[in-house]
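This report looks at two single residues and then at how two parts of the chain meet. Please keep the structure open while reading.

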Amino acid sequence: MKYDVTVIGSGPGGYVAAIRCAQLGLKTAIIEKYSVLGGTCLNVGCIPSKALLDSSEHFHNAAHTFKTHGIEIENLRVNLEQMIARKSDVIKSNNDGIAYLMKKNKVDVYNGLGSFVNKNTIRITGQDGAEQQIETDKAIIATGSKPINLPFLPVDKNRIITSTEALTLKEVPKHMIVIGGGVIGLELGSVYARLGAKVSVVEYTDAIIPTMDRSLGKELQRVLKKTLGFEFFFGHKVTGAEVQGEGVVVTAESPKGQTVTFEGDYCLVSVGRKPYTEGLGLENAGVQLGERGMIAVDDHLQTNVPGIYAIGDVIRGAMLAHKAEEEGVLVAEIMAGQKPHINYNLIPGVVYTWPEVAGVGFTEEQLKEKGTAYKTGSFPFKASGRAKASMDTDGFVKVLADAQTDEILGVHMIGPRIADLIAEAVVAMEFRASAEDIARMSHAHPTYTEAMKEACLAATENRAIHI
């Protein structure tokens, strides 16, 4: 078979790229190593973790807030098997949805390991070892990433686990030790803390979610400690982990240089992810790798080989599903002769704990480092009528605006439904709105979105109404 474009990898970047290519009239194929479409995000990442976060939040509320709402439940218990089964149903529904979209858009699907024979020939090796080859004019590499494994932390997938195994546990841990205070560790730690586990976070730096605005990490740390009993150990360099019977002993070096140990029944290693390029045969096509094993691309996401592009976690930038989606659309439209663009500064980052956390644009630390004159306005959810009604009063919205022009430079939020609320900030900043612009717009009352308006009012001559 001969195709205009072949996409290797069917995660959010890959399947979106395939759909957009097909919409633009290109004869398109997509190759997926596994038997189902959707990649890491759908099968062992974004979607299943959100399903468990939702289920565990229901349980936590039933145990801790329902009585205040006038709802009384006796003999409340966790049915983890059913919780995991529901998660699996959610995954299957999404798998089926993507398969339908491939058929709808007439994208040919190949299951097997895709590898380059040369720049225009791709070999597909099925799980049974059978091989076939297809010809392609252009190719998009969208093979994503996988968890980083450290040599002194041997993952046995039983007691010392990654995020993949954490999605299918058969019991609620008594004490889960989370190595890494980033998004994945905090989200999955939250799942099991809500179900009754003790969670200890061991982090090498001095803060959780350290790449986000520092004010968000401080507030999230406070709330997780208060509501879920999280313990945090900062400045600790993990040196090893050993399974002992039905438990795990983690060793680390404290900030004072002392050797300390943590004992639990599970250890979740969540120290980041790395590009997944094994088996692609990049050398056969002449594709070069850049720093940290990433595929090097230009501003149009084309590799050093004309006609071969790469998107998502295998290239530079944040490892985010929605970033990969935008890049998939961009590459498809470039191939069709259009002139799309992506403003990487306006791709939001989100943490799906509760409260949720999100940010877009420059952080306060970045503006200080750049020497940019800015002003700030914040509004706490404890002053929001809607938040009081739902008992979700932790957190705030912080707006950073240019001191002279009032243009919004960054928005950082922690609170209820923040993953959705951040979209208002993205829209505002895409159109280079000022804080005054948002402050002048009517926001329905009572809603969480009023916090955005109030923060903008606070940034414009301290005019917030409700604080």
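Strand β21, which covers residues 396-402, contains K398. The model is a predicted one, and the values below are computed from it.

**Residue K398**

Is K398 buried or exposed? K398 has a relative accessible area of 7%. The cut-off for buried is under 20%, so K398 counts as buried.

When neighbours within four places in sequence are left aside, the residues in contact with K398 are D213, S215, E364, T376, G377, S378, G410, V411 and H412.

**Residue A241**

A241 belongs to strand β12, residues 237-244. The relative accessibility of A241 is 14%. This value also falls under the 20% cut-off, and therefore A241 is classed as buried. Which residues does A241 touch, not counting those up to four places away in sequence? They are F152, L153, P154, I160, V248, V249 and V250. A193 is 48 residues from A241 along the chain, and the C-alpha atoms of the two are separated by 21 Å.

**Domains 1 and 2**

The domain assignment divides the protein into domain 1 (2-147 + 274-336), domain 2 (160-271) and domain 3 (355-461). Domain 1 and domain 2 are in contact through 17 residues from domain 1 and 17 residues from domain 2. Between the C-alpha centres of these two domains the distance is 27 Å.

The size of an interface is often given as the accessible area lost when the parts come together. For domain 1 and domain 2 the buried area is about 1400 Å², and carbon and sulfur atoms give 70% of it.

How many salt bridges are there between domain 1 and domain 2? The count is 2. Elsewhere in the list of side-chain pairs, E187 and K50 form a salt bridge with an N to O distance of 3.2 Å.

On the side of domain 1 that touches domain 2, α3 (46-64) and α4 (80-104) each supply at least two residues. The most come from α3, which gives 9 residues. By type, the residues on this side of domain 1 are 10 nonpolar, 4 polar and 3 charged.

How values were computed. Residues numbered from 1 in each chain as written. Predicted model: local features only at pLDDT ≥ 70, side-chain atom pairs only at ≥ 80, totals over all residues. Heavy atoms only, no water. Domains from an automatic or database assignment. Contact = heavy atoms within 4.5 Å. Buried area = accessible area lost by both parts, 1.4 Å probe. Salt bridge = Lys/Arg side-chain N within 4 Å of Asp/Glu carboxyl O. Helix = DSSP H or I, 4+ residues; strand = E, 2+ residues; numbered from the N terminus. Nonpolar A, V, L, I, M, F, W, Y, C, P; charged D, E, K, R; others polar. Buried < 20%, exposed > 50% of the residue type's maximum accessible area, 1.4 Å probe, protein only.
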